[in-house]
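This report goes through the overall build of a structure, then its cores, then its ring contacts. Keep the sequence and the 3D view open while reading.

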Amino acid sequence: MSPASTVRALIDSMPEDPAAVLEWVAARFADEGWSHPSPEQPYLRALDDQGWKARMLGLQRLVRSGEAAVEPLIGALGSEQADLRVFAAQTLGFLAQHTPVEPLIAALESDPRPSVRLYAADAIGMRGSASEHAELLERRASLETDRDVRMHIGYALERNDAALDPAVIDALLAWDPLRLDSARVGEPAPDFELDGFDGERVRLANFVGKGPVVLVFLYGDT
Amino acid sequence: MLAVDPHERWAAQHLLRQAGYDDQRVGFHLLLDPALAVSATYGVAFQMRIHREISSRPTTFVIDKEGVLRFAQRGTSYADRPTTDELLEILRGL
């Protein structure tokens, strides 16, 4: 199958119902798919891994379902499959405006997996009004043993109650899933538009013609 | 050069501040992709577990002035990027 038709087949195989989407993602993106080049290195998926695609498609589908996805996602925070709990917490961040704070606090306080606690902290921040829980968050930060989770609790408190920008949800929902993994050497680079850190709006097509472009994807570390 | 980071601005600001840089301005195109749409289009999203996050695989692409993608290096470790010399070589060869 051509790469484009495998993406289409994957999209077609994805269920509609949020609870079913979660099972579909869980079946395709498990802990076993992570490996690391050496003990000092982070974990990476194999180059030919397809599981991440299910995660991205599932994320968009669940966010598109909106409020209807929240209860199944909260349920998934209790899954025995750690990677599914991580995915649920991350997805709830995008649905933060529909998500009650209690299950997020519970995950932050008691999930054994730091990644779950990290995304729960993010989601609390993305709801806006994190200052209502400032005392709890600060206490949690002082008890939290993981440095990265502590940092993300800090983000939630530093947001000054700014919720996730609705433009982020709009961008996620506007994305055509058929564009998934569509960059191919020898073909036109997929066009895109993003906001820069300095407030500039950047469109790739505006650079074409002016000279070559080096496009670097970061994981978020200076 | 365009750099794409999969986080909201808060996280980028915090990391800059932590590293001792100006957290208001970076002076280059640090593009923010918290919706993950561009990262997914370019095939890098969700492929690296680092700092307790599920983040993007470090990847370098080179696009020529006709807009054609000419080079792609998908990292298999976080330092797995072309060196400056290697990049210059690639750019010269376009």
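Accessible areas come from the Shrake-Rupley method with a 1.4 Å probe; for residues, only the protein chains shown count as cover. The model is predicted.

## Chain A as a whole

The accessible surface of chain A is about 9,900 Å², and carbon and sulfur atoms hold 51% of that area. Chain A contains 10 helices and five strands. Its radius of gyration is 19 Å, close to the 17 Å that the globule rule gives for 222 residues, so chain A is as compact as a globular protein of that length.

Taken along the principal axes, the C-alpha atoms of chain A fill a box of roughly 55 × 40 × 40 Å. Of the 222 residues in chain A, 54% are buried. Among contacts in chain A with a separation of 6 or more, 64% are between residues 24 or more positions apart.

In soluble globular proteins, nonpolar side chains tend to be buried together. The largest nonpolar core in this model has 63 residues, and the members that touch the most others are Met56(A), Leu59(A), Phe94(A) and Phe46(B). Helix 7 of chain A, residues 114-126, gives the most to this core, with eight residues.

Met56(A) has contacts in both chains. Leaving out residues up to four places away in sequence, Met56(A) touches Leu172(A), Trp175(A) and Leu180(A) in chain A, and Ala35(B), Leu36(B), Ala37(B), Ala40(B) and Phe46(B) in chain B.

## A buried arginine

Arg45(A) belongs to strand 2 of chain A, which covers residues 43-45. Is Arg45(A) buried or exposed? Its relative accessibility is 4%; because buried means under 20%, Arg45(A) counts as buried.

Apart from neighbours within four places in sequence, Arg45(A) is in contact with residues of chain A, among them Arg28(A), Phe29(A) and Trp34(A). Its contacts in chain B include Phe46(B), Gln47(B) and Arg57(B).

## Aromatic pairs

A pair of aromatic rings is described by the distance of the centres and the angle of the planes. Over all chains, a search of the whole structure finds five aromatic pairs. One of them is formed by Phe217(A) and Phe61(B): the pair is edge-to-face, with 5.7 Å centre to centre and 80 degrees between the planes. Phe217(A) lies in strand 5 of chain A (residues 213-217) and Phe61(B) in strand 5 of chain B (residues 59-63), so the pair joins two chains. Phe217(A) is buried at 0% relative accessibility, and Phe61(B) is buried with a relative accessible area of 0%.

Phe61(B) also forms an edge-to-face pair with Tyr42(B), at 5.2 Å centre to centre and 70 degrees between the planes. This pair links distant parts of the chain: Tyr42(B) is in the loop between helix 2 (37-41) and strand 3 (48-50) of chain B, while Phe61(B) is in strand 5 of chain B, 19 residues apart. Both Tyr42(B) and Phe61(B) are buried. Through ring pairs, Phe192(A), Phe217(A), Tyr42(B) and Phe61(B) are linked into a cluster.

## Charges over rings

Which residue has its charged end over the ring of Phe207(A)? It is Lys210(A), at 5.9 Å from the ring centre. In another case, Arg49(B) lies over the face of Tyr43(A), 4.6 Å from the centre of the ring.

Technical notes. Residues are numbered from 1 along each chain as its sequence is written. Chains are lettered from A and ligands numbered from 1 in the order in which they are written. Side-chain values use heavy atoms; hydrogens and water are left out. Rings of Phe, Tyr and Trp (its six-membered ring) pair if their centres lie within 6.5 Å; planes under 30 degrees apart count as stacked, over 60 as edge-to-face and the rest as tilted. Helices (H or I, at least four residues) and strands (E, at least two) are DSSP runs, numbered from the N terminus. Buried means under 20% relative accessible area, exposed over 50%, partly exposed in between (1.4 Å probe, protein chains only). A charge sits over a ring if NZ of Lys or CZ of Arg is within 6 Å of the ring centre and within 35 degrees of the ring normal. A nonpolar core is a set of buried Ala, Val, Leu, Ile, Met, Phe, Trp, Tyr and Cys residues joined through side-chain atoms within 4.5 Å. Contact means heavy atoms within 4.5 Å. The radius of gyration is taken over C-alpha atoms; the globule rule is 2.2 Å times the number of residues to the power 0.38.
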